[in-house]
Amino acid sequence: MKIVVCAKFVPDATADRRFRSEDNTVDRAGVDGLLSELDEYAVETALTVKEAGGSEDGEVTVLTVGPEQAADAVKKGLQMGADAGVHVLDDAIHGSDAVATSLILAKALAKLEADLVVFGMGSTDGGMGVVPAMVSERLGLPAVTLGSEVTVEGQTVRIRRDGDTASETIEGTLPLVLSVSDQANEPRYPSFKGIMAAKKKPVETWSLADLELTADQVGGSSAWTEVVEVTARPARTAGTIVTDDDGSGAAELVEFLSTNKFL
Amino acid sequence: MSNVLVLVDHAAGAVRKTTAELLTIARRLGDPVAVFIGEGVSEALPALGQYGAVKVIALSNPELGQFLVAPKAEALAQVAAKVEPSAILISSNAEGKEIAARLAVKLDSGLITDAVDVEAGDGGPVTTQSVFAGNFTVQAKVTHGTPIITVKPNAATPEAAQTSPEVEEFDVTISDTAKTAKIVESKPREATGRPELTEAAIIVSGGRGTGGDFGPIEAFADSLGAAVGASRAAVDSGWYPHAYQVGQTGKTVSPQLYVAAGISGAIQHRAGMQTSKTIIAINKDPEAPIFELVDFGVVGDLHKVLPTATEEVTKRKS
Ligand SMILES: Cc1cc2nc3c(=O)[nH]c(=O)nc-3n(C[C@H](O)[C@H](O)[C@H](O)COP(=O)(O)OP(=O)(O)OC[C@H]3O[C@@H](n4cnc5c(N)ncnc54)[C@H](O)[C@@H]3O)c2cc1C
Ligand SMILES: Cc1cc2nc3c(=O)[nH]c(=O)nc-3n(C[C@H](O)[C@H](O)[C@H](O)COP(=O)(O)OP(=O)(O)OC[C@H]3O[C@@H](n4cnc5c(N)ncnc54)[C@H](O)[C@@H]3O)c2cc1C
């Protein structure tokens with residue numbers, strides 16, 4: 001079974017995240033980045049499915065679309081245990097919106113002839129959570145999304161998910177697109193052996209031409225959305241902090257609620 | 001005026017508040033046409049008329065409910081082809097976003113998710129989004145196709161504008177591809193009697209500091225008529241169901257008041273609550289990062305502070 005994990009390279013949420021002033025797009029080149037944390041759950045799912053299958057022909061490929069540094073996202077996936085990587089890299093991709101990104105991913109996935117495509121629930125930067133459904137739509141494959149428990153038996157994929165109104169079990173048949181939530185598993189840490197082995201694993205870099213796409217189908221020129229203004233949120237002004245050492249904390253809390261008309 | 005499609009969010013005909021918000025926003029952009037999928041359109045009609053729907057398009061093909069969201073997106077695309085709306089508004093929940101995603105590909109249109117506000121602009125709707133854990137506010141617009149916008153709860157205050165919409169039945173054809181993933185089992189979530197987390201004006205959340213006892217959190221919430229939330233640490237420990245998690249991978253909330261008790265304020269938790277209007281924290285540790293965000297903080301034990309505060313609130317309210 002050929003499993004492909006779509007993994008995004010994102011600006012580090014604990015470091016500086018900002019927009020480029022010239023075009024209001026996210027600054028991905030000038031800041032620290034990493035494999036989107038939520039895609040680690042997807043990598044883990046892919047590895048577990050492969051291991052559970054026990055078959056010799058199971059293969060996990062990590063696929064990323066992003067700038068030069070995005071190779072780090074692929075590397076992390078390989079260190080965790082994936083077998084191969086594909087990095088779609090092309091200057092024209094900068095500024096792509098979700099619709100364009102899904103086009104690139106769909107083309108690459110078709111070329112990879114994936115049986116199972118595993119996504120994270122959402123990137124930690126755009127966080128739209130829409131790319132898996134878009135890719136499924138483009139490939140004409142079923143999607144089961146936001147899995148918090150995933151099993152694959154033969155051709156049947158079964159997930160459980162806890163939604164707003166119900167807890168559901170959903171079934172689909174391979175080939176299929178899957179997205180998993182952070183409830184799905186506990187992503188493994190790369191072992192020393194894994195880190196060493198990753199260096200020898202094959203990584204291909206594909207351009208748009210390799211996917212039979214042209215520059216005007218992606219990037220800012222065909223982003224169907226445009227950010228017209230970016231404003232940094234003003235810092236919160238320091239609030240009042242009281243210490244409850246004499247048991248007065250509750251009274252002061254209620255006084256605050258009352259003054260601010262919450263009662 | 002142009003038509004603006006609003007996908008009705010409802011449970012068996014009981015229209016959710018978010019739909020009233022969407023209709024209110026739609027009126028800024030054109031004439032709201034409500035698209036109702038499923039059973040119960042007659043129950044829904046009064047609410048849809050109250051908030052200004054000029055027409056209700058009803059889709060009752062039973063297959064729409066059985067196969068996740070792909071058929072719903074297909075149906076909506078067929079409605080859009082007929083109505084030629086100037087925008088499509090959908091609630092920003094998991095199902096709404098997935099429908100919107102598929103629709104964007106089908107209609108080759110731009111998609112904006114998680115709008116916290118939408119206004120009419122010269123070249124179509126202009127949205128406001130709160131991004132990067134609430135650290136930036138961006139204005140965006142769709143530049144191609146039919147603007148598809150998913151809107152977060154509380155993005156507008158519902159304003160009534162009485163209409164008496166006619167109901168038009170609409171027949172959809174659903175492809176076999178759309179029927180390939182199926183719900184085989186569904187257990188409805190038990191109602192708590194408390195407000196919905198994403199719609200509540202006040203939320204009281206508990207974290208690891210509760211030590212597993214959500215009693216004081218629930219009691220304080222009930223005294224304020226609030227919803228209850230939880231941190232991921234509390235959810236992962238099995239102390240509270242995942243559906244109540246606030247944060248990056250839980251719900252993003254933006255209530256009038258957010259009370260965090262026994263929650264340290266990790267970045268992923270902050271991502272879900274820091275746009276709340278007023279923030280209160282109760283935490284034993286004066287160095288807890290949550291205190292950087294608060295309007296009011298109590299350094300103390302939540303097991304002592306909350307029960308006393310609950311008593312006092314109840315007394316004042318009676
Ligand atoms: C703050 C912010 C706001 C944005 N708002 C919008 C908007 O309103 N409309 C819009 O069209 N675009 C928007 N974008 C751009 C959009 O985020 C990117 O185009 C992105 O590649 C697709 O969406 P996402 O990152 O939100 O992915 P999601 O849909 O959240 O990602 C889900 C999953 O898809 C996979 N995935 C996503 N991108 C890649 C990739 N490049 N390579 C490999 N796998 C991937 C991962 O498995 C990921 O877990 C925004 C970007 C940012 C940073
Ligand atoms: C990919 C990813 C996604 C995540 N998504 C989310 C998310 O959506 N939501 C989320 O919340 N987290 C999320 N997290 C987890 C997050 O990083 C933190 O681990 C989590 O928020 C911590 O929860 P907590 O504040 O309850 O626990 P802790 O960080 O352990 O804090 C407990 C706090 O309680 C205080 N305390 C202890 N006893 C008492 C007492 N008796 N009275 C008062 N205070 C007391 C302590 O001083 C401490 O500050 C995510 C993490 C990852 C990696």
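Let's start at the ligand: one of its oxygen atoms (ligand 1) sits 3.1 Å from an N or O atom in the side chain of B:Gln129. That is a polar contact, meaning a pair of N or O atoms within 3.5 Å.

Before you go on: this is a predicted model, where local features need pLDDT of at least 70 and side-chain atom pairs count only at pLDDT 80 or more, while totals for chains, interfaces and linings use all residues. Residues are numbered from 1 along each chain as its sequence is written, chains are lettered from A and ligands numbered from 1 in the order in which they are written, and side-chain values use heavy atoms, without hydrogens and water.

**Exercise 1.** Find where ligand 1 lies, and which residues are closest to it.

*Solution.* Step one: look between chains A and B, where ligand 1 lies. Step two: check its surroundings, which hold 31 residues, the closest being A:Cys6, A:Lys8, A:Asp39, A:Gly129 and B:Leu111; a residue counts if one of its heavy atoms lies within 4 Å. Step three: look at backbone partners. An oxygen atom of the ligand is 2.6 Å from a polar backbone atom of A:Cys6, and an oxygen atom is 3.2 Å from one of A:Asp97.

**Exercise 2.** Work out which strands sit at the edges of the ten-strand open sheet.

*Solution.* Step one: write down the order, β13(A)-β9(B)-β8(B)-β7(B)-β10(B)-β6(B)-β1(B)-β4(B)-β5(B)-β11(B), with mixed pairing. Strands here are DSSP runs (E, at least two residues; helices are H or I, at least four), numbered from the N terminus, and two strands pair if DSSP finds at least two bridges between them. Step two: pick the ones that pair on one side only, β13 (225-232) of chain A and β11 (166-169) of chain B. Step three: zoom in on β6(B) and β10(B), which run parallel and are joined by four bridges. There, B:Ser91 stands opposite B:Val151.

Methods: Polar contact = N/O pair within 3.5 Å; in protein donor to acceptor, adjacent residues only side chain to side chain.
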